[in-house]
Amino acid sequence: MISKTGLFSIVLAAQLALLGGCSKTVEQEKTAQSEPENTQQASDFGEAVYQKHCAACHDTGDGEAPKREALRLQSNEAITAAITTGLMKEQASMLTPLEIRLVADYVGGPTGQNALENAEANKCEGSFKLTSPPLWHRWGNNIRNSRFQSAERAGINKLDVPKLNLKWAFGFPGAARARSQPTVTKEALFTGSQSGIVYALDAKTGCVWWTFSADTEVRNAPTISLDRNGHPDILYFGDFNATVYALKAATGELIWKKSVRDHPVGIITGAITHYQGKLYVPMSSMEVINAYQPKYACCTFRGGLMALDAKTGDKIWRFYTVDEPKNTGSNSEGKDRFGPSGAPIWSSPTFDRKRNLIYVGTGENYSSPANDKSDAIIALEPETGKVRWVQQTIEGDAWNGACGRFGTQVNCPAENGPDFDFGAPPILTTLANGKDIILAGQKSGMLFGLDPDDDGKILWKIRAGMGGFNGGVHWGMASDGKTLFVGIADTPGNEFATGPSRQGLHAYDAATGKPIWSHFEPNVCDENEHKCRTALSAPPTIADGVIYAGALNGILRAYSASDGAPLWSTDTRRDYVTINNVPGRGGSIDSAGPIVAGGMLYVNSGYDKFRQIPGNVLLAYGIDDGDEK
């Protein structure tokens, strides 16, 4: 999912587009053959390149491409990187270096240098010390990925919720999206950004304690290890080039960094799990997009999990979700085909201390033949990566960007979908009777209760949504052990969808799957756009009887956990005066969910994929009787 959590379902063009994604051939007449003589000529040449190779997708948003308004928020350095070494390398292979530079200058907005300069803005005064364990940790707040927050650590209860007001907004420079969910301690908030800058912000005021520049975008939630006194010690995260970093949490000083990329377009999207001296790194890729190109030899990426030594970054083992791909013939363009492939892990691994197991959810295969580990929950031994059991819920799911109505079809596998990943990580929770259960939600719209003591046997299953490319369950769920809280996106467009849309928030008995209540969120306008959909694609969070959930139209709401009644809401889709003097704008809330810690509610706003609403802010709400800023 874009995360591919399925997200990448049609990221096919969602990014497919940044140059050449809509072009028809690889050999094309070059627009600019020599260095422009002046600024106006450079702009004219850049516009000509854009109109020839990009406008068909980006001006209209066809193929789920980011629109021009989203591209303008990105720096020309970021666009150049996407074209030359990143997502769009294959799609833009017909462009000359001069054309790349000209179109990046024409389309892009703030410079990467501005982002680095702004990293020094609004610096904190005084000394910075970390004195207590995280109040909210990594993506799921614990190694069980429950997204449950205790009343003590939340600091906000049901009576406080109506008094929530914006305390500060932090703007990410040169960004069109904000999707690195923060990790929070009493003193600081740690988060990544689209520019690759990792920030340590003061948890109460948002001033900057330190920054670190990674090589490229950091989209996953940071993970912290503790020292012998229980204080935050080392911060771990991965970037979009599949490089893992270890920093001193108190200073941002680099301890080590190691590339775990074992495929040319391998990436890290899910948060890294740290446990007993090892790091467990989920492995995903953008090959699902590269396959759109008819002349691409599809496909060879092998999803899975890598274990690293937390002290050194050295590899301990690598688990693969597919066997070594073999040549299966050639496509209609004469390029070799390979398979099986894919079955990426988009989300954070879940750890089971009692059984000493790791649970992961996998995505679809990219090419034929589909195998037995795609669209599955898998249990692994943490010492070796050996498979203990596999529970596959959908067989024969092979899909890539060549499929669907926007695809070229050339590299589309025979199975052709349905692209129903487990983009959301499994939740391990303990029921009232003391028995553990694994809760899993799928893009198909189905929910499952699995038995960890019986090789993942399905105890119950129920349909929560119609399913689709970006939902049913897209990024995650939350549970307090008694109830499973499920946000449903159900955005339209998947031929395999079942029944009507059920976008909104739903509660189920965790032990049986029996529905408890549903709060449906109707569209707020008539256009076929995300601004009209209060669809819950980002994961919800439960804290002290309140469910917090953000929607694709930028609405952030708090609901009563007992009956789903709305308690409070705010529209994040607006302009903000930010504390670091970056022009700020909110947009869609997706990928990273709201979190509650230390009497504050934090949420990222802005997402430029799938024609969603771009934005670049991290918002912090606190209990206050004053007016919003």
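## Disulfides, cavities and a helix face

At 0% relative accessibility, C299 counts as buried, because the term applies to any residue under 20% relative accessible area. The model in which this value was computed is a predicted one. The disulfide partner of C299 is C298, which is likewise buried, with a relative accessible area of 3%. The sulfur atoms of C298 and C299 lie 2.0 Å apart. The torsion about their S-S bond is about -90°, so this disulfide is left-handed.

The structure holds four disulfides in total. Three of them, including the link of C298 and C299, are set out below by the separation of their sulfur atoms.

| Disulfide | Sulfur–sulfur separation |
|---|---|
| C124 and C207 | 1.9 Å |
| C298 and C299 | 2.0 Å |
| C403 and C412 | 2.1 Å |

C124 and C207 form a disulfide with a torsion of about 105° about the S-S bond, so the link is right-handed. This pair joins distant parts of the chain, its two cysteines being 83 residues apart. C124 belongs to the loop between α8 (112–118) and β1 (148–149), whereas C207 belongs to the loop between β5 (197–202) and β6 (208–213). Both C124 and C207 are buried.

The link of C403 and C412 is also right-handed, with 105° about the S-S bond. Both C403 and C412 are buried.

Four cavities of 30 Å³ or more are counted, and the largest cavity holds about 150 Å³ of space. Its lining comprises 18 residues, and those nearest the centre of the largest cavity are W139, T269, G270, W475 and S591. By residue class, the lining of the largest cavity divides into seven nonpolar, nine polar and two charged residues.

Which residues of helix α6 are buried? In this helix, which spans residues 76–84, they are N76, I79, A82 and I83. Seen down the axis of α6, these buried residues fall within an arc of 120°, so they line one face of the helix.

In summary, the predicted model holds four disulfides and four cavities of 30 Å³ or more, and the buried residues of α6 line one face of that helix.

Conventions:
Residues numbered from 1 in each chain as written. Predicted model: local features only at pLDDT ≥ 70, side-chain atom pairs only at ≥ 80, totals over all residues. Heavy atoms only, no water. Buried < 20%, exposed > 50% of the residue type's maximum accessible area, 1.4 Å probe, protein only. Helix = DSSP H or I, 4+ residues; strand = E, 2+ residues; numbered from the N terminus. Arc of directions from axis to C-beta. 1 Å grid on protein atoms, 1.4 Å probe; cavity = no way out; pocket = protein on both sides within 12 Å on 5 of 7 lines; lining within 4 Å. Points joined across faces, edges and corners; volume = space filled by probe spheres on them. Nonpolar A, V, L, I, M, F, W, Y, C, P; charged D, E, K, R; others polar. Disulfide = S-S within 2.5 Å.
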